[in-house]
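Please go through the structure below and answer some questions on its strands, ligand site and backbone.

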Amino acid sequence: MENKDSTVKLVGFWVSPFVQRVRWALKLKGIEYEYIEEDIFNRSHLLSELNPVYEKVPVLVHNGKPLPESFIILEYIDETWKHDPLLPQDPHERATDRFWAKFAEEKLLDAAWIGLCSEDDEQEGAVKSSIEALEKIEEKLKGKNFFGGDRIGYVDIIIGWISYMLPVWEEVASMKIYDPMKFPAITSWISNFREHPVIKEEYLPSKDEMIVYFQWRRKVLKGTFPPMWKTKGKTATFQD
Ligand SMILES: N[C@@H](CCC(=O)N[C@@H](CS)C(=O)NCC(=O)O)C(=O)O
C-alpha cells in the first residue's frame, strides 16, 4: 500500500472522462489522494504551472512532481504501485493493450465527440465512424468479462466512459451509436464494468448534471470544428 511519506494529488474537473480514468485507477490500487477541482474555463495558475504544455486536466502530482495526460498517468500509477496490475506483464500483451486504448481514443471517443458537437452530414459521418469502432471493440470483447479476460485493467479504464457518458452524448445530440442488440459483448462488458465493486463505489457525475453540461458544450461548440471528414481523419479533440 501507499508509503506514508508519499503524497498524491489529482487535479481534475468534475465531468472529465480523462480525470475519471485516473480516479478509477487510483481507487483500484487503493491509493489515497487529495482531489483538487479545477475550473477549466477559468484556469488557475496552478494548472498552468503543473501542465504548461497543454494546460489540461488531469494532472497527477506525486511527491510534488506533476504528470499530465490520462494514458501516461495510468501507466505511471501501474509502474509506481505494482500491486493489482492494470497492464499485463507480457510485453506483447502490454503493447496490444496500448494499441486498443489508442484505437478507442482516436476512433471512438474523438469521433463520438465530433458527433456531439455537430449535425447533418458531419454528425452522420461521425456516427458512422463511431459505430465502426464499436464493431471492432465488440469483436475484441466477445467471450470475455473484461478486455484482458477476467480482471479489470487498463483498456477497461480507458473505454470506461462508454458505460456512462456515451448514452448522455447520444441523448444530447439525438444520435444513435450504441445499440445493445447489435453489441451484446459490449452490453455485458458495460454491466461487468459498472458492477465491479470498486468502480461501483467511485464517484461519477450525475446524469442530469451531465445532460445540462453537454447541452451547453454542444451549443457552444457546434459548427466550430474543421470538417473532420475532409481532413484525412485528423479530428478535433475533446474540449478543443
Ligand atoms: N489527452 C488528454 C485530454 C485531457 C483533456 O482534454 N482535458 C480537458 C477536460 S475534459 C481539459 O482540461 N480541457 C481544458 C482546455 O482545453 O483548456 C488526456 O487524456 O488526459
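The questions and answers below take up these topics in turn.

User: What kind of model is this, and what pLDDT do side-chain atom pairs need?

Analyst: Residues are numbered from 1 along each chain as its sequence is written, and side-chain values use heavy atoms, without hydrogens and water. This is a predicted model in which totals for chains, interfaces and linings use all residues, local features need pLDDT of at least 70, and side-chain atom pairs need pLDDT 80 or more.

User: In which sense do S1 and S2 pair, parallel or antiparallel?

Analyst: Helices (H or I, at least four residues) and strands (E, at least two) are DSSP runs numbered from the N terminus, and two strands pair if DSSP finds at least two bridges between them. Gly-12 stands opposite Glu-37 in S2. Strands S1 (residues 8-12) and S2 (residues 34-37) have four bridges, and their sense is parallel.

User: Which handedness does the β-α-β unit of S1, H1 and S2 have?

Analyst: A crossover is right-handed if, with the strands pointing away from the viewer, the path from the first strand over the helix to the second runs clockwise. With helix H1 (residues 17-29) between S1 and S2, the unit is right-handed.

User: Which residue of S3 stands opposite Lys-9?

Analyst: S1 and S3 run antiparallel and are joined by four bridges. S3 also pairs with S4 in the antiparallel sense, over four bridges, where Leu-60 has Leu-67 as its bridge partner. Opposite Lys-9 stands Val-61.

User: How much of the ligand's own accessible area does the protein cover?

Analyst: Twelve residues surround the ligand, among them Arg-43 and Lys-56; near means that a heavy atom of the residue lies within 4 Å. A polar contact is a pair of N or O atoms within 3.5 Å, and an N or O atom in the side chain of Ser-70 lies 2.6 Å from a ligand oxygen atom. Of the 510 Å² of accessible area that the ligand has on its own (Shrake-Rupley method, 1.4 Å probe), the protein covers 88%.

User: What distance separates the Glu-69 side chain from a ligand nitrogen atom?

Analyst: A backbone N or O atom of Val-57 lies 2.8 Å from a nitrogen atom of the ligand. For an N or O atom in the side chain of Glu-69, the distance to a ligand nitrogen atom is 2.8 Å.

User: What is omega of the cis peptide bond between Val-57 and Pro-58?

Analyst: Most residues other than glycine have a negative phi, and most peptide bonds are trans. Pro-58 sits in the loop between helix H2 (45-50) and strand S3 (59-62). The bond that joins Val-57 and Pro-58 is cis, with omega about 5°.

User: What phi does Asn-63 take in the hairpin of S3 and S4?

Analyst: Asn-63 lies in the loop between S3 and strand S4 (65-68). Because its relative accessibility is 41%, Asn-63 counts as partly exposed. The hairpin has two residues between the strands, and there Asn-63 has a positive phi near 50°.

User: Is Asp-120 buried or exposed?

Analyst: Asp-120 lies in helix H5 (residues 120-141) and has a positive phi near 55°. Its relative accessible area is 60%, so Asp-120 is exposed.

Key: Polar contact = N/O pair within 3.5 Å; in protein donor to acceptor, adjacent residues only side chain to side chain. Buried < 20%, exposed > 50% of the residue type's maximum accessible area, 1.4 Å probe, protein only.
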